[in-house]
Amino acid sequence: MAGADPGAHIGELLDRLGREAGPRARETADELVRSVVEFYGEGLARTVRLLRSAPAGSDPLAVLTADELVGDLLILHDLHPDDTMTRVGQALDKVRPYLGSHAGDVEVAGLDTDAAEGPTLRLRLRGSCDGCPSSTQTVRWTIEEAVARLAPEIAHIEVEGVAEAPAEQPLLQIQPRPPDGTPAPPPPSAAPEPPHWHTLAAPALPAHDRTTRVADIDGNALLLVRLPGNLYAYRDRCPGCGADLRTALLDGEFLSCAACAARFDVRHAGRGEDAHLEPLPLLEEDGAVRVAVPELLGAGS
């Protein structure tokens, strides 16, 4: 390839693919090439803008790595100044304030770069999710998203030390049919779909400490609660009576449902005396707020 025209070589490869695999494969390959070109074009454009607007005397690499897309390109080509574990540490630092309300703290248990599924990061949580399955999944999603944004080369994350959902009764599961009058047990639930992350603009957020606001994302109502030092996101639904929580009373760090008076601890995963609020993954970074909406959030309402 030394001295060859890369564009001409790509064209030759696309022509060969069209001849050998057919026109539909050629169309897909053309679209792929366009997407790759757009990706790198945007990266170059951002690089130019960032360097032109950087304050005098600033470190060019620091300016570039602060941008997520440009940072990803540097990682892809092994040009990023920070190694994988440094960036993993930065990601965990971002989520620690949030995890304190769910699982205490998180530490790195190891990194297996030779794992069959790709580089695998093993993390250990200190604390618990109060036995709440939704809080457990929220913690997993939040950690995975934070690490993916700063260390995208990590292919798989294993998290130790979180509470799991209670196991079904095995004897009921293996009976050919339930006894007369006994309802059949529900089929095992499938693993939850990954959530979709959304950026929330300032008008959608609570403006002051100890205030709430309801935001709508993809038809899902989210209750946002601002307490000193942290912002929390929950599904806008009381798990006790099913009423919405937009008129709930916020008393200190406790939210009281206006319909049934059930109280929930906002700072500690929304736990109540008999039930939990449904927490949603949330990341605050560099002045932006991103919240995840699970695929099946509205199910069962």
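What order do the strands of the open four-stranded sheet have, and with which pairing? The order is β8-β9-β10-β11, and the pairing is antiparallel. This is a predicted model, in which local features need pLDDT of at least 70 and side-chain atom pairs count only at pLDDT 80 or more, while totals for chains, interfaces and linings use all residues. Residues are numbered from 1 along each chain as its sequence is written, and side-chain values use heavy atoms, with hydrogens and water left out.

Back to that sheet. Its edges are β8 (249–251) and β11 (271–272), each of which pairs on one side only. Strands here are DSSP runs of E with at least two residues, helices are runs of H or I with at least four, and both are numbered from the N terminus; two strands count as paired if DSSP finds at least two bridges between them. Strand β10 (residues 263–265) meets β11 in the antiparallel sense over two bridges, and D265 has R271 in β11 as its bridge partner.

There is also an open sheet of three strands, this one with mixed pairing and the order β1-β2-β3. Here β1 and β3 (156–160) sit at the edges, each pairing on one side only. On average, neighbouring strands of this sheet are turned by 25° against each other, direction ignored. Seven bridges join β1 to strand β2 (residues 120–126), again in the antiparallel sense, and V108 stands opposite L123 in β2. Helix α5 (residues 84–99) lies across β1 and β2 and runs at about 155° to β1. For such angles, axes are lines fitted to C-alpha atoms, for helices over the stretch in contact, and values run from 0 to 180 degrees between N-to-C directions.

V108 turns up again at the surface, where it forms a nonpolar patch with M85 and L111, with about 200 Å² of accessible area together. Patch members need over 30% relative accessible area and no salt bridge; like charges are joined within 9 Å, and nonpolar side chains (Val, Leu, Ile, Met, Phe, Trp, Tyr) within 5 Å. A salt bridge puts a side-chain nitrogen of Lys or Arg within 4 Å of a carboxyl oxygen of Asp or Glu. Areas come from the Shrake-Rupley method with a 1.4 Å probe; for residues, only the protein chains shown count as cover. L111 belongs to strand β1 (residues 105–112) and counts as partly exposed because its relative accessibility is 31%; buried means under 20%, exposed over 50%, and partly exposed in between (1.4 Å probe, protein chains only).

Technical notes
Contact = heavy atoms within 4.5 Å.
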